[in-house]
Amino acid sequence: MTLTMSLREAILHRVRGLNPDELRNVIEDSIGNAEMALPGLGVLFEIIWQHSAPDDQQRMLEALHSQLQQPSS
């Protein structure tokens, strides 16, 4: 029998059970590295977004918008 996991499920399986320091390491190791890490960050952001209060979501949007207005380096 073959077990098939979606990319989302595989990412969640990889990080489930990690403590906060380990999660931070996963995030920081993914930022600025190979583009193949971007889907993982997207899944983690999805969880953050879904479990954030509207005020926190607004702050994230404002921070993102502000950074996107900066010239590319």
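**Helix packing and loop contacts**

Helices (H or I, at least four residues) are DSSP runs, numbered from the N terminus. The model is predicted: local features need pLDDT of at least 70, side-chain atom pairs count only at pLDDT 80 or more, and totals for chains, interfaces and linings use all residues. Residues are numbered from 1 along each chain as its sequence is written, and side-chain values use heavy atoms, with hydrogens and water left out.

Helix α1 spans residues 7-15, and its buried residues are Ile 11, Leu 12 and Val 15. These residues lie on the same side of α1 because they cover an arc of only 95° around the axis. The arc is taken over the directions from the helix axis to the C-beta atoms. Buried denotes under 20% relative accessible area, exposed over 50%, and partly exposed the range in between (1.4 Å probe, protein chains only). His 13 and Arg 14 are exposed on the face of α1 turned away from its buried side. For Arg 14, the relative accessible area is 58%. Arg 14 and Val 26 are twelve residues apart in sequence; their C-alpha atoms are 9.9 Å apart. Gly 17 follows α1 and has a positive phi, near 90°.

The buried residues of α1 pack against α2 (20-30) and α3 (38-50). Contact here requires heavy atoms within 4.5 Å. The axes of α1 and α3 come within 10 Å and cross at roughly 80°. That angle makes α1 roughly perpendicular to α3. From α1, the contact draws on Leu 7, Arg 8, Ile 11, Leu 12 and Val 15. From α3, Pro 39, Gly 40, Val 43, Leu 44, Glu 46 and Ile 47 take part. By class, the contact of α1 with α3 has eight nonpolar, one polar and two charged residues. Ala, Val, Leu, Ile, Met, Phe, Trp, Tyr, Cys and Pro count as nonpolar, Asp, Glu, Lys and Arg as charged, and the others, Gly among them, as polar. Axes are lines fitted to C-alpha atoms, for helices over the stretch in contact; angles run from 0 to 180 degrees between N-to-C directions.

At its N-terminal end, α2 is capped by Asn 19. A side-chain oxygen of Asn 19 lies 2.9 Å from the backbone nitrogen of Asp 21.

Helix α4 covers residues 54-68. The axes of α3 and α4 come within 9 Å and cross at roughly 135°. Angles under 35 degrees count as roughly parallel, over 145 as roughly antiparallel, 65 to 115 as roughly perpendicular and the rest as oblique. Phe 45, Ile 48 and Trp 49 of α3 meet Gln 57, Met 60 and Leu 61 of α4. This contact has five nonpolar, one polar and no charged residues.

Ser 52 occupies the loop between α3 and α4. Ser 52 is buried, at a relative accessible area of 18%. The Ser 52 side chain reaches the backbone oxygen of Ile 48 at 2.5 Å. Residues up to four places away in sequence aside, Ser 52 touches Gln 57 and Met 60. Gln 57 itself lies in α4. The side chain of Gln 57 reaches the backbone oxygen of Trp 49 at 2.8 Å. With residues up to four places away in sequence not counted, Gln 57 touches Trp 49 and Ser 52.

Terms used: Helix = DSSP H or I, 4+ residues; strand = E, 2+ residues; numbered from the N terminus. Polar contact = N/O pair within 3.5 Å; in protein donor to acceptor, adjacent residues only side chain to side chain.
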